[in-house]
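Please consult the sequence and the structure shown here while reading.

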Amino acid sequence: MSDMTRTALVGIIVENDDAVEALNGLLHEYRGVIIGRMGVPHPQKGISIISIAIDADQDTISALSGKLGALEGVSTKTIYSNK
C-alpha cells in the first residue's frame with residue numbers, strides 16, 4: 001500500500017438485523033481497501049460483533065465508518081495504527 005494510507009480497525013456492533021443488508025452492501029462497496037473481516041454472533045444478546053481491518057486514506061476510512069455508524073442500530077468505533 002502507499003505511504004499515503006493508514007491501517008485501521010473498525011469495530012462494529014449490530015443491534016438491528018434489518019441493517020445487515022445495507023451493512024454488507026457498504027462492506028462490498030469498500031472491498032478494495034478491506035484487508036480482512038471477522039464477525040462473531042452473540043445470540044444471547046441478539047447482537048453481532050464485527051471487526052474490519054482496512055488500509056486506506058484517512059477520508060476513505062472516515063467515510064466507511066461514518067456510513068456504517070449512520071445505519072440504524074449499528075455502532076462503530078475506529079482505531080488507527082501509527083504506521
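## Strand pairing in the sheet

Strand β1 (residues 6-14) pairs with strand β3 (residues 47-56) in the antiparallel sense, over nine bridges. Strands here are DSSP runs of E with at least two residues, helices are runs of H or I with at least four residues, and both are numbered from the N terminus. Two strands pair if DSSP finds at least two bridges between them. Within β3, Ile-54 is the bridge partner of Ala-8. Ile-54 in β3 also has Ile-34 standing opposite.

The model is predicted: local features need pLDDT of at least 70 and side-chain atom pairs count only at pLDDT 80 or more, whereas totals for chains, interfaces and linings use all residues. Residues are numbered from 1 along each chain as its sequence is written, and side-chain values use heavy atoms, with hydrogens and water left out.

An antiparallel pairing over eight bridges joins β2 and β3. In the hairpin of these two strands, four residues lie between the strands, and Gly-46 takes a positive phi near 70°.

The open sheet consists of four strands in the order β2-β3-β1-β4, with antiparallel pairing. Because β2 and β4 (74-80) stand at the edges with a single partner strand each, one side of each is left without a neighbour in the sheet. From one strand to the next, the twist averages 15°.

## Helices across the sheet

Helix α1 (residues 20-29) lies across β1, β2, β3 and β4, and runs at about 165° to β2. Helix α2 (residues 58-69) lies across β1, β3 and β4, and its angle to β4 is about 160°. Axes are lines fitted to C-alpha atoms, for helices over the stretch in contact, and angles run from 0 to 180 degrees between N-to-C directions. Contact means heavy atoms within 4.5 Å.

The structure holds one salt bridge, defined as a side-chain nitrogen of Lys or Arg within 4 Å of a carboxyl oxygen of Asp or Glu. The side chains of Glu-29 and Lys-67 form this pair, at 3.8 Å from N to O.

## Buried and partly exposed residues

Buried means under 20% relative accessible area, exposed means over 50%, and partly exposed lies in between (1.4 Å probe, protein chains only). In helix α2, Ser-65 is buried, with a relative accessible area of 13%. Neighbours within four places in sequence aside, Ser-65 is in contact with Val-10, Thr-76 and Thr-78. Lys-67 is partly exposed at 36%. Ala-63, also in helix α2, is partly exposed at 29%.

Val-74 in strand β4 counts as buried, at 7% relative accessibility. Not counting residues up to four places away in sequence, Val-74 touches several residues, including Ile-12, Leu-23 and Leu-68.

Val-40 lies in strand β2 (residues 34-42) and is partly exposed, at 37% relative accessibility.
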